[in-house]
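Reader: I have a chain to go through before I set up any calculations. Can we take it in short questions and answers?

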Amino acid sequence: MHTKVRTMSSTAAFPWTDAYLLGYTPMDNTHREFVEVVDALMGADNAAFAQRLEAFRVHAETHFEQERAWMAATTFPAMACHVDEHNAVLKSVHEVQAQLAAGVAVANARGLVDALVDWFPGHADYMDAPLAQWMVRQRMGGTPIVLKRGILNTEAEQSTNDAALPG
Ligand SMILES: [Fe+2]
Ligand SMILES: [Fe+2]
């Protein structure tokens with residue numbers, strides 16, 4: 001469904017859609033930025049392309065490190081292949097940056113943008129979505145357990161209903 005836009009048009013060619021929402025707000029915010037930065041790269045004329053590609057590299061390194069840190073901090077089971085995919089994207093970005101620095105024409109570098117647009121939805125569905133659900137469960141599952149211990153220590157005779165806990 002993604003059109004191959006290779007013109008110098010400034011119209012949004014990679015627009016955000018709420019279909020990308022995964023339910024973990026910090027990740028959704030980062031993904032909005034991903035779409036904005038890739039869209040800006042897609043709309044870049046030849047003179048602006050290298051600069052916007054560098055902006056994408058900065059975004060991608062921060063984005064991928066954020067997800068890696070979440071996975072490491074919570075011992076996420078599928079961390080290795082997720083990190084591998086991120087690293088493959090960064091490797092491609094670095095290669096294209098090196099080509100541009102060596103004088104390769106921008107027209108020959110624009111295929112990277114199409115590859116990013118093609119890559120993102122699948123990566124979001126298969127790798128980021130399980131991580132988003134995992135992070136939400138970590139948050140929702142962690143806090144009530146701590147509260148419940150306190151309640152049980154002081155109100156041991158209370159009913160077994162531990163669903164509605166005072167804040
Ligand atoms: Fe992501
Ligand atoms: Fe990811």
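Reader: Which residues touch the most other members of the largest nonpolar core?
Author: This is a predicted model. The largest nonpolar core holds 15 residues. Those that touch the most other members are Val 38, Leu 41 and Val 113.

Reader: Which helix gives the largest share of this core?
Author: Helices α1 (25-42), α2 and α4 each supply at least two residues of the core. The largest share is five residues. That share comes from α1.

Reader: Which residues is Leu 41 in contact with, leaving aside neighbours within four places in sequence?
Author: Leu 41 is one of the residues that touch the most other members of the largest core. Setting the sequence neighbours aside, its contacts are Arg 52, Leu 53, Phe 56 and Val 113.

Reader: How many residues are in the other core?
Author: Another core lies apart from the largest one. Among its members are Met 27, Leu 131, Ala 132 and Met 135. The count for this core is five residues.

Reader: How do α1 and α2 run, roughly parallel or roughly antiparallel?
Author: Their axes are 9 Å apart and the packing angle is about 160°. Angles over 145 degrees count as roughly antiparallel. So α1 and α2 are roughly antiparallel to each other.

Reader: Which residues of α2 make the contact with α1?
Author: α1 passes α2 in a left-handed crossing. From α1 come Thr 30, Glu 33, Phe 34, Val 37, Val 38, Ala 40 and Leu 41. From α2 come Arg 52, Leu 53, Ala 55, Phe 56, His 59, His 63 and Gln 66.

Reader: What is the span of α2 from its first C-alpha to its last?
Author: Helix α2 covers residues 46-74, which is 29 residues. At 1.5 Å a residue, 42 Å is expected. The model is close to that, with a reach of 42 Å.

Reader: Which residues of α2 are buried?
Author: A buried residue has 20 or more other C-beta atoms within 10 Å of its own. In α2 the buried residues are Phe 49, Leu 53, Phe 56, His 63 and Glu 67.

Reader: At what angle do α2 and α3 cross?
Author: Helix α3 covers residues 79-101, and its axis comes within 10 Å of the α2 axis. α2 passes α3 in a left-handed crossing. The axes cross at roughly 165°. That makes the pair roughly antiparallel.

Reader: Where is Thr 75, and what is its phi?
Author: Thr 75 is found in the loop between α2 and α3. Most residues other than glycine have a negative phi. Thr 75 is not a glycine, yet its phi is positive, at about 50°.

Reader: What pattern does the chain follow along the sequence?
Author: The chain has four helices and zero strands. Of its 167 residues, 17% are buried. The pattern along the sequence is α-α-α-α.

Conventions:
Residues are numbered from 1 along each chain as its sequence is written. Chains are lettered from A and ligands numbered from 1 in the order in which they are written. This is a predicted model: local features need pLDDT of at least 70, side-chain atom pairs count only at pLDDT 80 or more; totals for chains, interfaces and linings use all residues. The expected span of a helix is 1.5 Å times one less than its number of residues. A residue is buried if 20 or more other C-beta atoms lie within 10 Å of its own, exposed if 12 or fewer, and partly exposed in between; C-beta atoms are placed from the backbone. A nonpolar core is a set of buried Ala, Val, Leu, Ile, Met, Phe, Trp, Tyr and Cys residues joined through C-beta atoms within 7 Å. Two residues are in contact if their C-beta atoms, placed from the backbone, lie within 7 Å. Axes are lines fitted to C-alpha atoms, for helices over the stretch in contact, and angles run from 0 to 180 degrees between N-to-C directions. Angles under 35 degrees count as roughly parallel, over 145 as roughly antiparallel, 65 to 115 as roughly perpendicular and the rest as oblique. A crossing is left-handed if the near helix is turned anticlockwise from the far one by less than a right angle, and right-handed if clockwise.
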